[in-house]
2 protein chains.
Amino acid sequence: MQRKRILLNTEDMPRQWYNMIPDVPGGLAPPMDPETRKPMGPEKLAPIFPMGLLEQEASGERWIDIPEEVLEVLSIWRPSPLIRASALEAALGTKAHIYYKYEGVSPAGSHKVNTAVAQAYYNKREGVKRLSTETGAGQWGSALSFAAQKFGLACMVYMVRCSFEQKPYRKSMMKTWGADIIPSPSDATRSGRAVLERDPDCPGSLGIAISEAVEDAALREDTKYALGSVLNHVLLHQSVVGLEAKKQLELAGEKTPHLVVGCCGGGSNYAGLMAPFVPDRLSGEPIRFLGVEPTACPTLTRGKLAYDYGDEARQTPLLYMFTLGHDFVPPSIHAGGLRYHGMAPIVSALVRDEIIEPVGVHQIPCFEAGVLFAKTEGIIPAPEANHAIRCVIDEAIRDKDKPQTILFNLSGHGHLDLASYDKYFAGQLEDYAYPKDAIERSMAALPEV
Amino acid sequence: MQRKRILLNTEDMPRQWYNMIPDVPGGLAPPMDPETRKPMGPEKLAPIFPMGLLEQEASGERWIDIPEEVLEVLSIWRPSPLIRASALEAALGTKAHIYYKYEGVSPAGSHKVNTAVAQAYYNKREGVKRLSTETGAGQWGSALSFAAQKFGLACMVYMVRCSFEQKPYRKSMMKTWGADIIPSPSDATRSGRAVLERDPDCPGSLGIAISEAVEDAALREDTKYALGSVLNHVLLHQSVVGLEAKKQLELAGEKTPHLVVGCCGGGSNYAGLMAPFVPDRLSGEPIRFLGVEPTACPTLTRGKLAYDYGDEARQTPLLYMFTLGHDFVPPSIHAGGLRYHGMAPIVSALVRDEIIEPVGVHQIPCFEAGVLFAKTEGIIPAPEANHAIRCVIDEAIRDKDKPQTILFNLSGHGHLDLASYDKYFAGQLEDYAYPKDAIERSMAALPEV
């Protein structure tokens with residue numbers, strides 16, 4: 001019988017993270033100070049981030065050691081399995097070899113815990129007592145809740161209201177790990193109150209929740225802020241995913257994959273998977289990198305590469321990234337983790353440099369793909385991961401006789417997203433098209449730099 | 001760094017099941033025909049079970065081959081990991097080595113899928129088109145839903161009403177795999193209607209749901225019935241759990257475990273884990289087997305070893321087992337899988353023969369144990385599994401300096417049980433004591449044989 005899962009042991013865990021910054025062909029544009037509109041150094045962010053992370057944010061080193069304390073916690077679930085999707089292949093009748101890296105085995109059920117643990121560690125090391133953060137679908141909030149309690153830190157989570165209402169079990173999970181949770185926009189912060197005054201029924205967005213969490217951290221001496229995606233150090237921490245997958249593909253007897261596929265919300269999931277394969281592409285391997293996003297929040301396929309704020313209330317530095325405008329509020333699709341207006345500067349630069357091909361997919365075909373995956377491979381995927389699966393299926397059946405190796409990241413399970421599957425079965429899901437008018441409005445508000 | 005997870009590869013899967021029947025020191029009493037009150041052969045059950053399973057039910061062979069088609073589906077998630085609970089050990093300050101076999105990695109999230117796949121296979125092989133079954137917490141119903149669709153069978157699930165209401169996501173999961181679900185007692189069957197007439201608000205019980213599912217199968221030519229625990233063939237299929245764990249403990253450098261612990265509802269979870277260790281005990285190894293049950297449904301600690309029906313409506317054969325009486329309706333504890341009035345005849349006989357020591361635990365201390373486990377080991381356990389964890393913690397701290405090896409089965413994750421954790425945090429859980437009066441009443445109704 002074919003080996004279904006390619007496993008690594010605790011001692012095979014990567015000991016260093018892989019930093020993609022030096023690989024970006026056209027380089028990265030620096031963050032800008034929102035007041036002076038001039039390049040800003042990391043020290044300016046010291047009130048909200050610990051120095052250990054700010055150093056990584058600007059590092060030019062390709063390899064950065066993972067602290068022992070971080071490895072110890074990661075070893076609870078890492079290395080994660082690489083699984084051959086043999087049952088899906090059979091159902092599709094394709095000759096493609098499809099492999100998925102399964103990050104749903106982590107405590108909170110997604111890749112997010114990889115960076116949460118590292119961030120909690122560096123904060124703890126520098127004497128921080130409490131972390132504040134935002135969460136969309138709840139994956140990041142629960143990841144940070146787990147990591148914070150592992151290092152004895154308190155944790156305050158601002159959760160995007162539409163997800164807060166759709167996913168009550170995410171709250172229970174965060175509570176189990178000892179965190180406090182509040183729906184955003186909330187009246188606990190100045191920025192939240194400002195939004196509620198304009199729109200009391202606002203479903204919230206990651207941009208708004210970030211504003212609230214940043215404000216919370218800026219106002220409290222004992223608190224720093226933690227971000228679950230977008231920033232360079234977050235992408236760095238996710239590189240363990242790709243490093244393990246690369247080793248596992250070799251163990252499976254596969255050469256370099258032809259396709260590397262992942263969903264893109266803020267970009268860290270996909271960047272983590274692709275990171276160690278980028279040097280292969282740069283040295284001539286014909287790897288195609290497909291970054292998949294919802295048509296309802298089409299940052300890479302319809303956005304603009306420009307300086308923009310990371311949050312709705314314009315408190316963050318200006319990042320050079322693909323963006324739909326910092327005040328864009330996307331439709332309430334069930335892939336809450338893909339409802340962000342911007343995209344990681346590294347991922348954005350790799351799209352600009354034509355290393356990553358962006359792909360947009362609709363909500364309903366994503367659920368169709370997820371259900372086929374559940375029926376064949378047994379795992380019910382998170383709605384975010386369904387975006388990658390949709391794209392993988394499309395590629396695998398485009399030319400069924402093509403022997404190709406496809407690698408994708410099954411970034412999380414959907415056990416806490418089953419209400420969205422219910423809506424899919426009941427025919428109650430909307431299949432949001434490109435929200436053209438809303439995007440045109442928010443794009444008009446891009447800052448001038 | 002210590003190896004956290006002890007992993008096996010696809011090719012290391014057990015190729016044979018281990019049958020405990022020949023190991024029971026005092027032997028097994030035969031099932032009795034409810035009409036004649038005389039021992040009955042398996043052929044009498046042919047209308048509701050396929051012959052392949054009935055042969056296993058009465059087999060005296062120690063080893064039975066696992067069909068290739070079953071192995072192929074099991075390989076989707078098996079072998080499951082054996083995990084060293086090093087973080088829990090540290091939190092307890094114990095010198096015990098604690099290992100858990102984690103069955104939550106299966107598609108439906110528990111050990112139940114191990115037998116569901118085998119049962120679906122034998123039914124398919126004999127031309128059955130549709131399976132009917134009952135489910136308590138929903139673990140078994142979702143396991144059978146997955147397995148049935150893997151072999152192209154329809155699946156009808158009668159779900160105990162109190163669980164149906166507590167666990168809506170279990171329904172979504174079953175729907176994802178294509179099953180039909182109805183709350184029990186229902187008006188779809190004669191036995192369901194009879195209960196509803198007596199008690200329209202009846203929260204249901206496994207005994208009632210079994211009556212409904214058996215009736216469904218008995219009345220339809222294309223349908224057979226599938227049971228998720230209790231019967232010998234079900235316990236047989238679960239032996240893969242113990243067989244893998246035994247091999248994994250050896251790989252970890254451990255000798256025979258001192259304690260083997262598991263929760264007991266119908267008995268298959270625990271029997272599966274302990275099976276291959278029983279011969280070691282019989283040949284003199286001082287292994288203690290602890291079977292843990294809720295004080296609210298104290299079959300082994302307060303029940304009687306007697307012939308009784310497996311279901312409320314007295315349709316099944318009489319089994320010689322520990323029982324609280326077939327019409328006992330236990331309190332609505334959140335460990336729905338442990339709300340059964342009886343216990344597998346094999347497990348019952350091993351309690352009688354003093355191989356298994358039964359242990360009763362209360363609901364609230366179980367949740368306390370589960371939360372500590374989630375905070376340390378990262379996995380949020382199913383309420384059923386919390387019973388085993390409570391017992392393991394108690395044993396590990398009784399004499400912290402005692403170097404002992406403890407093995408237990410973490411039979412499932414609690415991702416679809418988070419509402420019960422919410423109630424625990426809100427102080428809304430009841431800590432049901434021994435329901436003395438109800439048990440005395442139901443025990444008075446035991447049949448005379």
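Modeller: The contact (heavy atoms within 4.5 Å) takes 48 residues from chain B and 48 residues from chain A. This is a predicted model, in which local features need pLDDT of at least 70, side-chain atom pairs count only at pLDDT 80 or more, and totals for chains, interfaces and linings use all residues. Residues are numbered from 1 along each chain as its sequence is written, chains are lettered from A in the order in which they are written, and side-chain values use heavy atoms, with hydrogens and water left out.

Biologist: How many salt bridges are counted between chain B and chain A?

Modeller: A salt bridge is a side-chain nitrogen of Lys or Arg within 4 Å of a carboxyl oxygen of Asp or Glu. The count between the two chains is 4; one of the salt bridges joins B:Lys175 to A:Asp422 (3.6 Å, N to O).

Biologist: How many disulfides are there over all chains?

Modeller: A disulfide is a covalent bond between the sulfur atoms of two cysteines. With the cut-off for the sulfur pair set within 2.5 Å, the count is 0. The sulfur of A:Cys297 has its closest cysteine sulfur in A:Cys264, 11 Å away, and this is too far for a bond. In chain B, the sulfur of B:Cys297 is likewise 11 Å from that of B:Cys264, its closest, so the distance is too far for a bond.

Biologist: Is A:Cys297 buried or exposed?

Modeller: Buried means under 20% relative accessible area, exposed over 50%, and partly exposed in between (1.4 Å probe, protein chains only). A:Cys297 counts as buried because its relative accessibility is 1%.
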